[in-house]
Amino acid sequence: MQTGKLKIRTLKNNIFKSTVIVFSVVTILPILLIIYELVSKGIKQISFDFILKTPPDTFEAMTALSNGELIPGGIANGIAGTLFMVIMASVIAIPVGVITGIFLYENQGKPLANLTRNVSDILQGVPSIVLGLIAYIWIVKPVTHGFSALAGSVSLSIMMLPMIVRSTEETLKMIPQTIKEAALALGVPYYKVILRVLVPTGFSGLLTGILLSISRILGETAPLMLTALGSSAINFNIAKPTSAVPLLIWEFYNDPNMVDLIWSSSLLLMAMVLSLNIISKRIVARTK
Amino acid sequence: MNTDKITKAVLQFSSLIILLVAGGMIFSLVEGAVPAFKEFGFKFIFSNNWNPTEGKENFGALPFIAGTLITSVTALLISLPLSFSASLFLSEYYRRTRMAKVLGMMVDLLAGIPSIVYGLWGFYVLRPVLIDLGLPNQGFGIFTASIILAIMIIPYATSLSNEIISMVPNELKEGAYSLGATKLEVITHVIVPSARSGIVAGYILSFGRAHGETMAVTMLIGNANIIPNGLFSTGNTMASVIANQFGEAEGLKLSSLIAIGLLLFLITGIINTIGKFIIKKMA
Amino acid sequence: MFKMNNNSLIIKDPVLSIRNLFVSYDKGKYAVNNVSADIKRKSVTAIMGPSGCGKSTLLRAINRMHELYENIETKGEIVLNGRAIAQMPTIELRRMAGMVFQRPNPFPTMSIYDNVIAGYKLNGIKMKRAQRDEIVERSLTDVALWNEVKDSLYKKGSFLSGGQQQRLCIARALAFDPEVILLDEPTSALDPVATSKIEELLVKLKENYSIVMVTHNMSQAARISDYSMFMYLGELVEYGKTKDMFTKPKDRRTEEYLTGKFG
C-alpha cells in the first residue's frame with residue numbers, strides 16, 4: 001500500500017470512481033439509443049396487418065413511398081417461418097439436450113460425462129455462421145437438394161443444444177439429493193424417478209433454460225442465410241426455403257424501396273426476444 | 001426386464017449424440033475444405049488473393065484472418081475499460097443497490113439484441129456521426145465495425161468479471177480497509193490480483209465471441225477483400241466474407257469458404273478453450 | 001441364534017438377520033466391519049455410536065441404497081423375513097423396507113395426498129379411488145397427522161412444519177405396509193417439541209411395525225428403544241436389551257460412550 005499524501009490518494013480515488021460511473025453509463029447508452037430508434041421509427045408501421053400480411057413487392061413499396069404513404073403489407077411470412085423453424089429446432093434440441101443434461105447430472109466426475117460437457121461447451125462457442133455452413137453441408141446439399149426450412153432448423157437446434165444441456169444439469173444439481181433418495185427408497189425404478197420426480201421438481205429451471213435458448217436463436221440471421229434462404233410467401237414445407245423475421249430484415253435492408261420496414265420488423269423481433277427474457281426471469285423469481 | 005439398464009443406455013446414447021455432432025462438424029468442415037487446400041496448399045492461409053473469375057481462380061484467407069484479428073482486438077480494447085467499469089459498478093461500488101439492479105438489467109439487455117439490429121443501428125445512426133467526425137470511406141471500415149463489436153461483447157466480459165469480483169472474500173477487503181486503504185487501492189491491490197485470472201478469462205471469452213459475430217460486422221466493415229492497411233480502412237472478416245460470398249458459391253470458391261469456416265472454428269475453439277481452462281484453474 | 005462378541009443375544013423369530021456384513025468405500029477401508037445381528041420383530045431397535053461409526057451405512061445396507069453409488073462394495077448376507085435381500089429385486093425390497101431420512105423430504109411438486117400415496121403412484125400401481133383414499137387416511141392417522149391435514153390434502157406440503165413434514169414422510173413409508181421401517185436420525189433436524197411427538201409416534205407404531213432407527217442421541221435410544229446396538233469404527237461393539245446395556249454395559253467402550261467420554 002502506497003503511503004503517499006492523503007490528499008493525492010483521495011483525489012485519485014474520487015477520479016477513479018467518477019470514471020467508473022461515467023463509463024458504466026456510456027456502456028448502457030447504446031441500448032437506450034437503439035430502443036429509442038426502433039420505437040420512434042418503427043412504431044407507426046405496427047398494426048394487425050403488419051403481422052398478418054406478407055411484404056409487398058418492390059414496386060408497390062416504391063409507389064407507396066412516392067405517394068408519401070406507409071408501405072403496405074407486413075412480415076407474416078417471416079413470423080410464420082421463424083415460428084416454424086423455432087418449433088422444429090426445439091423438437092430436436094429439447095429432448096436431446098434435456099436427456100444429455102440428465103446424463104451429466106447422474107454421472108458427475110466420470111470421464112465420458114466430462115468429455116461431453118467440455119465438447120458441449122466448445123459447441124456453444126462455435127460462431128453461428130459456421131453452424132450454417134454445417135447445416136448447408138449436411139442438409140441443403142444431400143437431403144433437401146436445396147435451401148430448406150429443415151436445414152435452418154438444424155443449424156438453430158445445434159445452437160440451442162449446449163445451452164439446454166448446461167441449464168438442465170445445473171438445475172438438477174440444485175435439487176437436494178435426499179429427494180432422489182426418498183423416491184428410490186420407495187422402490188421406484190430409476191427412469192420413473194427421473195420422469196416423475198426429478199424433472200417435475202426442476203421444471204422451472206429447465207423451462208428457463210429452454211426459453212433463454214429460444215430467445216437466443218430468434219434473432220439469428222447468418223446461419224439462416226446459408227440454409228433457409230428466405231421466401232416471399234408463408235411456407236410450412238420443411239424441404240423448401242422459408243422466410244424468417246431476421247432474414248426479412250436483411251432483405252428490406254438491401255432493397256432501397258423497402259428500407260423503411262426495417263425498424264418495425266426489428267421492433268417486433270426485439271419485442272419477441274424481450275418477452276421471452278422477461279418471462280424467464282419471472283419464472284426464476286416465482287420459484288425463489 | 002431391467003429398466004434401469006435401459007435408462008442408463010438411453011442417457012448415454014443421448015450424450016453420444018453431442019459427441020457425434022461435434023465430431024461430424026469437424027469432419028465435414030475438413031472434408032469440404034480439402035479441395036481448397038489441395039489446390040492452394042497451406043499457402044492458402046497466407047495468401048492475399050481473392051479472385052473468383054473463372055479460369056483464374058485464386059483464393060486466400062489472409063485478408064480475412066487479418067480483418068478478424070484486427071477488429072476483434074480493437075473491439076476488445078474498446079470494450080475493456082467499459083466492461084471493467086460496469087463490473088466494478090455492479091460488484092463493488094453500488095453492489096446490491098437498486099441502481100446496480102437497473103444497470104445489470106440493461107447490460108443483460110445488450111446481450112439480447114440480435115446482431116442484425118446492431119448492424120442496422122450502426123449503419124443508420126452511428127455511421128453518419130462518424131462521417132461527420134471525418135471518417136473516410138463513407139464511415140465503413142474496421143473502426144466502425146469494432147465499435148459496434150465492442151458494444152456487443154461488453155455483456156459477456158461484464159457478467160463474468162462481476163461474478164469473479166463478487167467472489168473475492170470480504171475478509172481480504174476488510175483487512176485492507178482496516179489499514180486505511182482507499183477504495184481504489186483496495187481494488188488495485190486486493191481485488192484485481194485476487195480475481196485476476198477470472199477477469200482475464202472473461203476477456204478471453206469475449207474476445208472469442210467477437211470473432212464469430214457476422215451480421216453487424218458485414219454491414220459496417222465495407223466488404224473489401226484486402227488486408228486492412230489502417231484503423232479506418234475497409235476490410236472483411238472470416239465470418240462476414242462467408243456470409244457475403246456464399247450466394248452462389250460452388251466448387252473451389254465454396255471449398256475456400258468452407259476452409260475459412262474451418263479456420264474460424266479452430267481459432268474460436270482454441271480461444272474459448274484457453275478461457276475455460278483459466279476459469280477452471282481458478283475454481 | 002449365535003454369539004456376537006462377548007454377548008449372546010437370542011432373538012426368536014427375527015424380522016431381519018444380518019450376517020457378516022462388510023461395507024467399504026475404498027478398498028480395504030471398512031465403514032461396516034463384520035457386523036452380525038438379528039432384529040426383533042415389532043420393537044424398536046436403536047443403532048447408536050459416535051460420528052463416523054458406520055451406523056447410517058449399516059442402515060442403508062438393509063434396503064440396498066448403497067447400490068446407487070459405484071464406489072461402495074457390500075459383502076455378507078441380510079435376510080428379511082426369511083428371504084435373502086440380495087436375491088430380491090430392489091424395487092420389491094424397498095417396498096418391504098421403508099426408509100425415513102434425516103431431513104424431511106416430501107416431494108415438493110406433489111400435494112400431501114399424493115405424497116402419501118407416492119410409492120404407489122410412482123410405481124404405476126393402479127388403484128380405485130376408494131382404495132387410495134383409505135390408504136391415505138390410514139397412513140396419516142397412524143402418524144397422528146390426519147386431523148391436522150385432512151382439510152388441506154390437496155395442497156402442497158411446504159406449509160407444514162418440520163415435524164409435520166417428517167411425519168408425512170413416515171406416512172409415505174407406512175403406505176406400503178412395510179415389514180420394517182428404517183429411520184436415519186429422523187429427529188436430528190427437528191426442534192424438541194417435534195422430536196418428542198415423533199418419539200411418541202414411534203413407540204405407538206412398534207405395536208404393528210418393526211423399527212430400526214439410527215440415532216446420534218443416546219438418551220433418545222434410552223427413551224424409546226427396546227434393543228440397542230452400539231457401533232464404533234465400523235464394528236458392532238455391543239448389542240443387547242436397551243435396559244441392560246445402559247445399566248450394565250458389557251464392553252468398556254460402550255461404557256465410555258454412554259458416560260460421555262467420547263462421541
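Reader: What do the buried residues of α9(B) pack against?
Author: They pack against α6 and α11 (222-227) of chain A, and against α2, α7, α8 (215-220) and α10 of chain B. Packing here rests on contacts (C-beta atoms, placed from the backbone, within 7 Å). Helices are DSSP runs of H or I with at least four residues, strands are runs of E with at least two, and both are numbered from the N terminus. This is a predicted model, where local features need pLDDT of at least 70, side-chain atom pairs count only at pLDDT 80 or more, and totals for chains, interfaces and linings use all residues. Residues are numbered from 1 along each chain as its sequence is written, while chains are lettered from A and ligands numbered from 1 in the order in which they are written.

Reader: What makes α9(B) mostly covered?
Author: Seven of its eight residues are buried. A residue is buried if 20 or more other C-beta atoms, placed from the backbone, lie within 10 Å of its own, exposed if 12 or fewer, and partly exposed in between. The buried ones are Met238(B), Ala239(B), Ser240(B), Val241(B), Ile242(B), Ala243(B) and Gln245(B).

Reader: Why is Val199(A) called partly exposed?
Author: Val199(A) has 18 other C-beta atoms within 10 Å, so it is partly exposed. It is found in helix α9 of chain A. Leaving out residues up to four places away in sequence, Val199(A) touches Ile194(A) and Leu206(A).

Reader: Why are α6(A) and α1(B) called roughly perpendicular?
Author: Their axes come within 10 Å and cross at roughly 85°. Axes are lines fitted to C-alpha atoms, for helices over the stretch in contact, and angles run from 0 to 180 degrees between N-to-C directions. Under 35 degrees counts as roughly parallel, over 145 as roughly antiparallel, 65 to 115 as roughly perpendicular, and the rest as oblique. The pair is therefore roughly perpendicular.

Reader: Which residues make that contact?
Author: α6(A) brings Ile134(A), Ile137(A) and Trp138(A), and α1(B) brings Met25(B), Ser28(B) and Gly32(B). By class, that is four nonpolar, two polar and no charged residues. Ala, Val, Leu, Ile, Met, Phe, Trp, Tyr, Cys and Pro count as nonpolar, Asp, Glu, Lys and Arg as charged, and the others, Gly among them, as polar.

Reader: How many residues of chain B are in contact with chain A?
Author: 64 residues of chain B are in contact with 65 of chain A. On the chain B side, α1(B) gives the most, with 16 residues. That side has 39 nonpolar, 21 polar and four charged residues.

Terms used:
Contact = placed C-beta atoms within 7 Å.
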